[in-house]
Amino acid sequence: MSKLTATAVANPNIAFIKYWGNRDNSLRLPANGSISMNLGGLNTQTCITFTPQLTADTLSLNGTPAAGKSLSRMTAFLDILRELSGSRLFASVTTENGFPTGAGIASSASAYAALATAASSALGLKLDEAGLSRLARRGSGSACRSIPGGFVEWRMGHTDADSYAVSIAPPEHWNLVDLVAVVQSQRKPVGSSEGHSLAGTSPLQQGRLAGAGARLDTCRNAILQRDFDALAQVVEADSNLMHAVMMTSRPALFYWQPESLAIMKLVPSWRRSGLPVCYTLDAGPNVHLLCLSESAEGLRQRLSAIPGVSQVLLAHPGGPAHLAEDCSLV
Ligand code: PMV
C-alpha cells in the first residue's frame, strides 16, 4: 500500500518552438511538435494527500483556497489518476509558485508536471519518464515538457500513447539564460486552453503548421551545436508566427502590451550591435530574452531601466521534475 502522500517540485519552461493548437483538445494532442528549456530556479512545489476523510478534492494555490475553474480542472486531472490506480479517494493539494501566476510564464506547465509527479507517487503508480510526461500532458500540454530535464522536445506523436516529451540535451549542455521581463503579473484574460481551441480559426495556422517541422529541425540543431545566431532567428520567427495566429483567430487574441512590443523592437538592434540575445513570448505580455550567461547581468540592467518593466526574473536551464522529501508548505 502506498503512503497516499507525496511532494514534488517542477520548473516551468519557455518554448523555443511553440505549441499552439490541438488535433485533439480533450487528450491535448498537439497540432505540431515543440521545443523548450526548463527554467531552473523558478519552482512550483506541490504537496498532495489522498484521504478517506474528504468528500471532494481541495486546492490551496499560493496560500489561498481555490474554487471554480482551477479546482474543476484539477479534479478532472485527478480523475485520470483515480481511474489509472483504481482509487476512489479525494485529495488535498497545496501548491505554491515562486513566480507570478498566469502571465506567460507557463505556470500551468510546472503545476501539472509537479502534480502528475506527486499524485502518481502518492497513489503508488510506477510511471517512467515517458509515462509521467504523457500524464502531465493531460493537465496542460506544455506540462509534458517540464517532466524531463534541460532542453526538451515534445514529439507530437499520433495518439495518447506516443505524444510525450524527451530531453534532447541536459541543463549543463549550454549556458543559456532566460531573462523574463515582467510587464504585467495579473492573470491573462484568455487562458491557453481556450486559445488552443481558437487556433484553427486563423487562416494563418495552416501555414504555421506547414513550416513547423523545418523550424523544429533548425532549433534542435542550433541547440545541439550551441549555435546562438541560428537559434535567435528561428526562435523569434516562431514566436511571431504564433502571435500572428493568435491575432488573426476569431475572436482575435492580443497578448502583447505596448511594453512587450517596445522590448521586441529593441532586442534585434541589440543583437545587431553584437550582443547574443533574442526574444520570445508565450501566451502573455511578458518578454523572455534568451542570452548567454556572460551577457545576462548587463542585459538585466538594460531591461530593468525600460519604463513599464516591473521586475526581471533570471533562469538557467533547469532539471527534471522530481519528488521531494517533505512538504515545506503549510
Ligand atoms: O500548455 P498550455 O495549454 O498552457 O499551452 C502553452 C502554450 C504556449 O505557452 C503559448 C506555447 C508553449 O509551447 O508553451
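Me: How many bridges join β7 to strand β8, and do they run parallel or antiparallel?
Reply: This is a predicted model, where local features need pLDDT of at least 70, side-chain atom pairs count only at pLDDT 80 or more, and totals for chains, interfaces and linings use all residues. Residues are numbered from 1 along each chain as its sequence is written, and side-chain values use heavy atoms, with hydrogens and water left out. Strands here are DSSP runs of E with at least two residues, and helices are runs of H or I with at least four, numbered from the N terminus; two strands pair if DSSP finds at least two bridges between them. Strand β8 covers residues 64-65, and what joins it to β7 is two bridges, antiparallel.

Me: Which residue in the turn of the β7 and β8 hairpin has a positive phi?
Reply: S60 stands opposite P65 in β8. The hairpin has two residues between its strands, and the one with a phi of about 50 degrees is N62.

Me: Which residue in β9 does L61 stand opposite?
Reply: Strand β7 (residues 58-61) runs parallel to strand β9 (residues 90-97), with four bridges joining them. In β9, the residue opposite L61 is T95.

Me: What percentage of the ligand's accessible area does the protein cover?
Reply: Start with the oxygen atoms of the ligand: a polar side-chain atom of H196 lies 2.9 Å from one, and an N or O atom in the side chain of S142 is 2.6 Å from one. On its own the ligand has 380 Å² of accessible area (Shrake-Rupley method, 1.4 Å probe). The part the protein covers is 97%.

Me: Where does P251 lie?
Reply: The peptide bond from R250 to P251 is cis, with omega near 0 degrees. As for its place in the chain, P251 is in the loop between α7 (228-247) and α8 (258-272).

Terms used: A polar contact is a pair of N or O atoms within 3.5 Å; within protein, one must be able to donate a hydrogen and the other to accept it, and residues adjacent in sequence count only if both atoms are side-chain atoms.
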